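Hello,

Here is the structure I promised to pass on to you. Have a look at it first, and then read my notes below.

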Amino acid sequence: MSSAEHEIRAVTDLSARRTREQAWRQFASARSAEEFCASWLAIQSQQIGAVSDGVVVLQKPGTTVLVPVAFLPDPPTDRARLAGVTERAAKEGRGVLLRLDGAPNEESQRCQLAHPVQLDGELRGVVGLELEPRPDAQLRQAMRELQWGSGWLEVLLRRHADPQEAVRARLKLALDFVSALLEHEGLAEGGAGLVTELATRLGCDRASLGVLERGRITIRAVSHSGQFDRRANLLRLAGEAMEEAIDQQAAVAHPPVVEGGALVSRAHELLMREADAGAAATFPLEAGGRTVGALTLERPAGHQFDVPSLELAAAVAALCGPIVALKLDAERGLAAHALKVTGNFWTKLAGPRHAVYKLVAAATLAAALFFAFASGTYRVSADAAVEGEVLRAITAPIQGFVREAPRRAGDPVKAGEVIGRFDDRELRLERVRLTSQQGQHHKQYREAMAKHDRPQAAMALAQLDQVGAQIALVDEQLARTEMVAPYDGVIVSGDLSQKLGAPVERGQVLFEVAPLDSFRIALQVEEHEFGDIAPGQHGSLAVNSIPHERFPFTVTKITAVNSVKDGRNRFRVEARLDAPPGRLRPGMEGVGKIEIDERKLVWIWTHSLVDRIRLWIWAALP
C-alpha cells in the first residue's frame, strides 16, 4: 500500500472517529426526545455500518399514534421509504428483515431491517434501517445490534414516561380485582373471589373480608377457603383488627410503612404474633359516607408491605366499598329494606341539613291536608255532539238525473227555497206524447158517437180516462222535480254539486235539513259514571271549533242506548241548550261536563281508580 493510500485511510479514520465522538456528545447532551433519537440513530448506523436510510418512530405522548421523530439522512430523501417494513414490525411485534428486488442473488440485494420498541409488553415505537448488500451472517449480526441498541430507546421512554401512567396502571389492576367481586351475584362467592385474587397478586398468606353488622364485624370471605369457621381464633383476631381500623376511620398497617403515624395497631400486632405473619394491614370499606366493612391482608413472616402494595389495596377498598354495600342491600328482605328506607328518610327529616327533604315533606303534608278537607264541584265529562231537534230528510221523489243543485251541506235555507232540481225533459216529452194520444182517443170517441156505436164509444171513453190519469201522474212528477226546504234551517248533509247529471234512485236520501233555533246535545257518558246522571242536572259544552266559549245546557233525557268506543261502553244522554245556540251548528263535536254535586277533592280525583280496584278485587275473589 502506497504512502498516499495510507494518508487517505488515516484521514478517513480520523473523520469517522470525529463523527462518532460528535454523535456521542450529542447523545449525552440531548435535551429532547428528537435530539436523543437523532444522535442514537447516527451512533447505531455507525455501529452497524453501510446504512443508507434510517428512521425512528415513537408513540405520541397521550395517544396510541406512532409518529417519526428522527431520520437518517436528515432531511430524508424519501419519508415513505421504510414505511412498509416498520408497519410490519409494529403489527407483528418482532424483528423483520426484507430483501429488495432487482439484484441477481441474495447477497447482492439491499435489505431493510425493523425492530419494535416495547415498554412493559406494550408497543411504544419502531426502528427501521436500510442496509447495503451483505452476507446473511452480517445481517443477523446487524439485527442483534439493532435489538441491543433499542434498549437505549426504552431508557428514553421510561425517562419521559407520563407521571400518571403508574396511577392508571394501578387503577387498571384495581378494576381487575373488582371484576372478581362482580363475577358472582352473592357477597360470599364474590368476596371469596376478591380476597383470593388479592392474596395471590399481593403475595399474602391470607386476605379476609368482613362486613359491619350492628356495630360488630362478621367475617364473610377468606382467601383460598370456600368454607371456614367464623369462631376460629385467627379469624376472631382478624375481626378485631378490622374493628380497630374502623374505629379510627383509617387504614392501619403494622409494622407501619411510613414513620410518624399516630394510629393504634395493637390488634394488628396481636394478629401478627398469633398467625406468625410478617405484616398485617386493614382497609375500611366505605359507601355513601358510612363504613360497611373492611379488608385485612396478612403477609408471611419475613415480608412486609411496600408503599405501592398499600396504595393498590387502598384503591381496591375504595372501589369495592359501594359494591359490597349494594350486595348487602340485595341480601336483605323486603321488610329490612322498607325499615332502612324509612329510617334514612326520618333521619334526613329530623336531623340537620337536608332542607330540600324538609321542604318537600312539609309541602306534601300541606297538600294532603288540603285535599282531605277541601271540596269542589264533581263534574262528569263526556264526548258531546250538537244535533238538530228535528232532522228532515229530503229524498228523491222520482228516478231520474240531477240537473241543478244550488245549495249544499252547511248552507242556510228558507222555507220553500229550491235546493235542487231534477232533469224533467223526459217527463215533458212523455206529457206531449200522452197529450197527442189523448187527442186521438177523443177523435175516436166522437166518431163512435156519430155512428151511434156505443161499444166503441165506451172503449174510447175508457182510453181517454186512462190517458188523463197518466197525464196527471206526469204532471205530479213534474211538480216534484224541484226539491224545496221544508222550513228555515241549515242543510246538515247532502252535496249534489259534484253529481250533476248523475242518476239517483227513487227514495234515495239527498239532503238533511235541521232547524237553526232548535238544537239538542248528545253526550256519550262512560258506564262507570252513568249512575250519577239524572234529568234536570246542569252542565256546559265546549266544542272543538269554539273552545274558548261555553254553552250551558240541562239534561233532559237518559236513554238505555249504549255504544262501544275505544274499548269502553258508553250510554247516550240528551240535553237541551239553556240559551240561544249562537254560532253552534249541527254536527259540531266537543266535550260536555255535567255538574253532579259538591264532594271532596280527594274523592273526585281518586274515585275512578278506587272503583276499578273494587271491581278487580271482586272479580279476583273466589
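Please keep in mind that this is a predicted model. I'll begin with one glycine: Gly400 sits in strand β13, which covers residues 400-404. Gly400 counts as buried because its relative accessible area is 12%, under the 20% cut-off. Setting aside residues up to four places away in sequence, Gly400 touches Phe422, Ala502, Pro503 and Val504. Arg506 is 106 residues from Gly400 in sequence, yet their C-alpha atoms are 7.9 Å apart in space.

Now for the chain as a whole. It has 622 residues, of which 35% count as buried, and it contains 14 helices and 24 strands. Among contacts with a separation of 6 or more, 66% join residues 24 or more positions apart.

The largest nonpolar core is made up of 35 residues, and Leu198, Leu297, Val316 and Val324 have the most contacts inside it. Two or more residues each come from α5 (165-182), α6 (187-201), β6 (206-213), β9 (277-287), β10 (290-300) and α9 (307-331). Helix α9 gives the largest share, 10 residues.

Enjoy exploring it!

Best wishes

Terms used: Residues are numbered from 1 along each chain as its sequence is written. This is a predicted model: local features need pLDDT of at least 70, side-chain atom pairs count only at pLDDT 80 or more; totals for chains, interfaces and linings use all residues. Side-chain values use heavy atoms; hydrogens and water are left out. Helices (H or I, at least four residues) and strands (E, at least two) are DSSP runs, numbered from the N terminus. Buried means under 20% relative accessible area, exposed over 50%, partly exposed in between (1.4 Å probe, protein chains only). Contact means heavy atoms within 4.5 Å. A nonpolar core is a set of buried Ala, Val, Leu, Ile, Met, Phe, Trp, Tyr and Cys residues joined through side-chain atoms within 4.5 Å.
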